[in-house]
Amino acid sequence: MEEERTEVTVVKNEFEQAKIDIDGNKAIAAYRESNQILGMIMAGKKFPRDKFTAVNNILKACERVSLANVAEYLYKRGNTEVTGATIRLAEVIAQNWGNLDYGVVEVDRNDEESICLAYCWDLETNVRSTLNYTVPHYRSVKDKKTNQKKRYKLEDDRDIYEMVANMGARRKRACILAIVPGDVTEKAILQCRKTLTSQAGKTKEDQIISLL
């Protein structure tokens, strides 16, 4: 009987030690993350953005034809046309605006869906925009014969990752545009339109020469 008690005690100690290790790793990860966030905030306060330079850099980037071509989206909703800045333009604006932390995080996943978070955080003003959303692990495909949509379950991790990234792009764009002043985005869109207008009558060779 004494030997059995000893074995139980050993097993119990092993489980307790494993729990301590897990809790310790979580504490270390949380400590590192908090220090990283604090460092980012301090850097944002120490090196604040020059708004004049930031806007000029954004407008300069919008002079690129490759960006101007994908800067706006357009779709019809009823009898009206809806336009706005795409994720590509939003990312360029965020990069040049500076001191922004933004992205998409997959918080949790099960067999049926992924729970995600899109965010954008201004490290200078401590203003944060977040959007929680759920991505079902299914893809709708229209059958050419019946013209009806069918749902197919996603099994491959890559397919799930691409679905999460695709669904997250629009949420990330919305978060970025919620933080960056609206007039900055409007100026960027107008500059992209000017770029496309100035390049409309030029050949491909002329456009290359102008870029060089």
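**Exercise 1.** Determine how many residues the largest nonpolar core holds and which of them have the most contacts inside it.

*Solution.* In this predicted model, local features need pLDDT of at least 70 and side-chain atom pairs count only at pLDDT 80 or more, whereas totals for chains, interfaces and linings use all residues. Residues are numbered from 1 along each chain as its sequence is written, and side-chain values use heavy atoms, with hydrogens and water left out. A nonpolar core is a set of buried Ala, Val, Leu, Ile, Met, Phe, Trp, Tyr and Cys residues joined through side-chain atoms within 4.5 Å, where buried means under 20% relative accessible area (1.4 Å probe, protein chains only). The largest such core has 34 residues, and Leu 89 and Trp 97 have the most contacts inside it. Its largest share, 7 residues, comes from α5, helices being DSSP runs of H or I with at least four residues, numbered from the N terminus.

**Exercise 2.** Describe how α4 and α6 pack, giving the angle and the distance between their axes.

*Solution.* Axes are lines fitted to C-alpha atoms over the stretch in contact, with angles from 0 to 180 degrees between N-to-C directions. The two helices pack at an angle of about 120°, their axes 11 Å apart, which makes α4 oblique to α6, since angles under 35 degrees count as roughly parallel, over 145 as roughly antiparallel, 65 to 115 as roughly perpendicular and the rest as oblique.

**Exercise 3.** Identify which residues of α4 meet α6.

*Solution.* With contact meaning heavy atoms within 4.5 Å, Leu 89, Ile 93 and Trp 97 in α4 meet Val 184, Thr 185, Ala 188, Ile 189 and Cys 192 in α6.

Notes:
Buried < 20%, exposed > 50% of the residue type's maximum accessible area, 1.4 Å probe, protein only.
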